[in-house]
Amino acid sequence: MPRAPVPLASDGPVSDARVRALMGRQARIALATVAAVLAALVALPLLTARGDWLVVTMAVQPLWVVLAVLQLRRAERAERDR
Amino acid sequence: MSGGSVAASAVGIAFVVVISVVVGVVRPRRYTSAAEFYVAARTVRPWWNGAAISAEFTSAAACLGLAGLIALHGASALWYPVGAAAGYVVVIALVVAPLRRSGTFTLPDFAQWRLGSVALRRFATWHVLAIGLLYLVAQLHSAGVVLRVLTGMPTWTGWVSVTLVSVVVTLAGGMGSVTSVQAVQYWLKLVVFTGVALVLWCAWRCGGRGGARATAGLEGFEGLAAPYGEALAGAGEPSLPGVLAVLLVCALGTMGLPHIIVRVYANGDARAARRSIVATQVLLGVFFLVPPLYGILGRVHVPGAREEEVVLLLPGALLPGTAGDVLTGLLAAGAFAAFLATSCGVLAAVSGAVSACVTRAGVGAFRFATAAVALAALTLTSLTTPATSVIGVLFGFCLSAATFCPLLVLGIWWRRLTAAGAAAGLVVGGGLTAALAAGDLAGVKLGAVSVYHMAFTVPLAFVAMVVISLVTPGRVPMGVDRMMARMHLPEQIAGPAEDHSSPGTDRSSRQHSPYIDDY
């Protein structure tokens, strides 16, 4: 039988308001990244002429790496600033 | 296939099998606890873990299926590798750090911890099992076809050999040995597929091999939409809406693949987990440059070959003789590394989830579940006809995007999600996806609804979760504020107070996990 969830560790020193503020900031950062991904996925096939698809599809891979690194740095900065 | 290439393939496959078993069985130390067995003791470094995630993700579909799809359908399929890698940007943005900090180590665990419902956990486990079996069956079918093409052996030998090696590696050392095996297999696959592609490309462009066909260059590549026989889940649908649907489902489905997300827990903390995903992004970006090369080569030199076979037939077509035989052997090794990497990962992840749900979790239950899941996959493989691996894997993505994607996104970012809402979303997303796919197979065509069903199922699953959660506000779990704090605050602040003062513990053991500590 799966056990019932164990209660969490005791309340930390962080107030609920601060958690909500950090969550809001992280959510904005994350949504900006996801929006960039979805925009690229929809716009690139639409805007690219069919003959250029090979070049464009290979050039997108570095774009994903850049977006991932930017997301990592922005999310960690938000956590440090608190 | 010539005698030389049969011998070379047999040597290549045997080499990969032996390497996998040796790395998997010999390397890991004896684990002292179930937690170590499950999640590789949380000591895996980001680049090592990134290589393992990439190996697991670049399955038969990525190594053989994508190239075949590009060869068959032309330019529109070039977008598939783009979508396949995009999922990790979404994962790092929305899921990784909070999920790692939650301390729950499978998707059903997360559902129970976050929403406080054992029934929901069981329900989620069924979805994990379904996605895992889809993946396993796709790998086994692909292995059977490849072994038959290369050596002439019956297809069941491929199924059985991949299953046996996966079970041995998984049973020997749990996630720790699977991680080692996969990291080795990633580099093997990368070197083999890139190296052979470059040799073949040079033989074509520089050496003038292929005669008159060499003049038919990239110009003849675009357009030419081949008729597609099997197009379940929109795979191989060459129109622009078909391509967009596949891209979006790949981007959203990656986060819910059970074997991918379990890897997050092999890292010590959220910081390392995020870096693992960035490492994965880099490694996948390199790997996904290769399938288009094979696709173009295949379109020019082996037109009419079946999807899964395009890559393997290329060396023989371009470089007849010993050189071609050696390259075929190398590709056979790479293909088997792909089958094994994905099969081991899926087997370990699904067995972990199933064993923790059915019985009291422990190493014995995990081993029993591994054998049971492997047997189920073998049975299903023998009962189904081989479709292309891309279709099976893409259907797994559809199911994941319509079930675990809304569960994770809403569970991590929305306080008012309830167990009833989550269950409703799983029913709507999973049920609709299964029903539309079953209808498609049975010949019930609903036009755009069945071809691009992910465009309907994913939003509807989100809507169902939100609406039912809002209707059942009384079922919002009690400790939701503390859970949110735990997921979104860095470990140094949110962790248990006693751990700050214990100098003997390293970062990896600081995080308390309700499901691991008391095994």
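Is the crossing of helix 3 of chain B and helix 12 of chain B right-handed or left-handed? The points below take up that crossing along with other parts of the two chains.

1. Basis of the note. This is a predicted model, in which local features need pLDDT of at least 70 and side-chain atom pairs count only at pLDDT 80 or more, while totals for chains, interfaces and linings use all residues. Residues are numbered from 1 along each chain as its sequence is written, and chains are lettered from A and ligands numbered from 1 in the order in which they are written.

2. The two chains. Chain B has 23 helices and 0 strands, and chain A has 2 helices and 0 strands; helices (H or I, at least four residues) and strands (E, at least two) are DSSP runs, numbered from the N terminus. Buried residues make up 64% of the 519 residues in chain B, whereas 23% of the 82 residues of chain A count as buried. A residue is called buried if 20 or more other C-beta atoms lie within 10 Å of its own, exposed if 12 or fewer, and partly exposed in between, with C-beta atoms placed from the backbone. Of the contacts in chain B between residues at least 6 apart in sequence, 82% join residues at least 24 apart, a contact being two residues whose C-beta atoms, placed from the backbone, lie within 7 Å.

3. Helix 3 against helix 12. The crossing of helix 3 of chain B and helix 12 of chain B is right-handed; a crossing is right-handed if the near helix is turned clockwise from the far one by less than a right angle, and left-handed if anticlockwise. The axes of helix 3 and helix 12 (residues 270-287) of chain B come within 7 Å and cross at roughly 50 degrees, where axes are lines fitted to C-alpha atoms, for helices over the stretch in contact, and angles run from 0 to 180 degrees between N-to-C directions. The two helices are therefore oblique to each other, since angles under 35 degrees count as roughly parallel, over 145 as roughly antiparallel, 65 to 115 as roughly perpendicular and the rest as oblique. Among the residues of helix 3 that take part are W47(B), G50(B), I53(B) and F57(B), and those of helix 12 include R275(B), A279(B) and L283(B).

4. One residue of helix 3. S54(B) lies in helix 3 (residues 46-57) of chain B and is buried, with 30 other C-beta atoms within 10 Å. Leaving aside neighbours within four places in sequence, S54(B) is in contact with Y186(B), T280(B), L283(B), L284(B) and F287(B).

5. Helix 8 and its partners. Helix 8 of chain B and helix 16 (residues 363-383) of chain B pack at an angle of about 60 degrees, with their axes 9 Å apart, which makes helix 8 oblique to helix 16. That crossing of helix 8 and helix 16 is right-handed, and the residues that meet include L133(B), L136(B) and L140(B) from helix 8 and V373(B), A377(B) and L380(B) from helix 16. The axes of helix 7 and helix 8 of chain B come within 8 Å and cross at roughly 160 degrees, and these two helices are therefore roughly antiparallel to each other.

6. Helix 20. Helix 20 (residues 454-471) of chain B has 18 residues and reaches 25 Å from its first C-alpha to its last, close to the 26 Å expected at 1.5 Å a residue, the expected span being 1.5 Å times one less than the number of residues. The buried residues of helix 20 include V458(B), A461(B), M465(B) and I468(B). Seen down the axis of helix 20, its buried residues fall within an arc of 125 degrees, so they line one face of the helix; the arc is that of the directions from the helix axis to the C-beta atoms. They pack against helix 10 (240-253), helix 17 (389-413) and helix 18 (419-442) of chain B.

7. Two further places in chain B. In helix 14 (residues 310-318) of chain B, 7 of the 9 residues are buried, so this helix is largely enclosed by the rest of the structure. L330(B), found in helix 15 of chain B, touches G12(B), V192(B) and V196(B), not counting residues up to four places away in sequence. L330(B) and V192(B) are 138 residues apart in sequence and 6.2 Å apart in space, C-alpha to C-alpha.

8. The interface. 58 residues of chain B are in contact with 42 residues of chain A, and helix 5 of chain B gives the most to the side of chain B that touches chain A, with 12 residues.
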